[in-house]
Amino acid sequence: MGKANSIHLESTKERIVPLGVYCFVLIMVLERVITSDQIPELYYFFLGILIASLSCLIMALLKVKASIHMIAVCGLFMFLIVLSIHFSININGLLALMSIITGAVATSRLHLKAHNYKELLLGLFIGAIPQLILINNWLL
């Protein structure tokens, strides 16, 4: 379609269409597939993903680039932390592995010169904060 120069989506303009489509798919999943009555934890996890994706889309519209890789891994990491607290289960090994994976993702993005520190920190916060905000809806 000629909207992107490469698969790396280096400019913020190239990210707008894929993020918009992804947000639309997430809305359909939340409306049709996962309801808050069935599995509330999974519903609010996907809602957090939607909020993070919409935040990333808004940042792209404002010409600010955030690491989508960091958004994804930090959102999952935060969800697993909250899930272990909610169900009172010991998944410390998984949390340690997620910590290593998060560091590896950040290191690889810096090594490949795909992002700088600011973009990685922005991705970390955009991924983790929606999951933290939604804790009150299902944790208690």
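Just after helix H3, Ser 88 takes a positive phi of about 50°. The model is a predicted one, in which local features need pLDDT of at least 70 and side-chain atom pairs count only at pLDDT 80 or more, while totals for chains, interfaces and linings use all residues. Residues are numbered from 1 along each chain as its sequence is written, and side-chain values use heavy atoms, with hydrogens and water left out.

Helices here are DSSP runs of H or I with at least four residues, numbered from the N terminus. Two packed helices are described by the angle between their axes and the distance between the axes. Axes are lines fitted to C-alpha atoms over the stretch in contact, and angles run from 0 to 180 degrees between N-to-C directions.

| Helix pair | Angle | Axis distance |
|---|---|---|
| H1 (residues 12-33) and H2 (residues 40-61) | about 155° | 9 Å |
| H3 (residues 68-87) and H4 (residues 92-111) | about 165° | 10 Å |

H3 is therefore roughly antiparallel to H4, a term that applies to angles over 145 degrees. H3 passes H4 in a left-handed crossing, meaning that the near helix is turned anticlockwise from the far one by less than a right angle. By class, this contact of H3 with H4 has 13 nonpolar, 4 polar and 1 charged residues, where Ala, Val, Leu, Ile, Met, Phe, Trp, Tyr, Cys and Pro count as nonpolar, Asp, Glu, Lys and Arg as charged, and the others, Gly among them, as polar.

H1 and H2 are likewise roughly antiparallel to each other, and their crossing is left-handed. The residues that meet, with contact taken as heavy atoms within 4.5 Å, include Leu 19, Cys 23 and Leu 26 in H1 and Leu 50, Leu 54 and Leu 57 in H2. The residues of this contact of H1 with H2 divide into 18 nonpolar, 3 polar and 1 charged.

In H3 the buried residues include Met 70, Val 73, Cys 74, Phe 79 and Leu 83, and the buried residues of H3 pack against H2, H4, helix H5 (117-133) and helix H6 (135-138).

The expected span of a helix is 1.5 Å times one less than its number of residues. The 20 residues of H3 should therefore span 28 Å, and its end C-alpha atoms are 28 Å apart, which agrees.

Technical notes:
Helix = DSSP H or I, 4+ residues; strand = E, 2+ residues; numbered from the N terminus. Parallel < 35°, antiparallel > 145°, perpendicular 65-115°, else oblique. Buried < 20%, exposed > 50% of the residue type's maximum accessible area, 1.4 Å probe, protein only.
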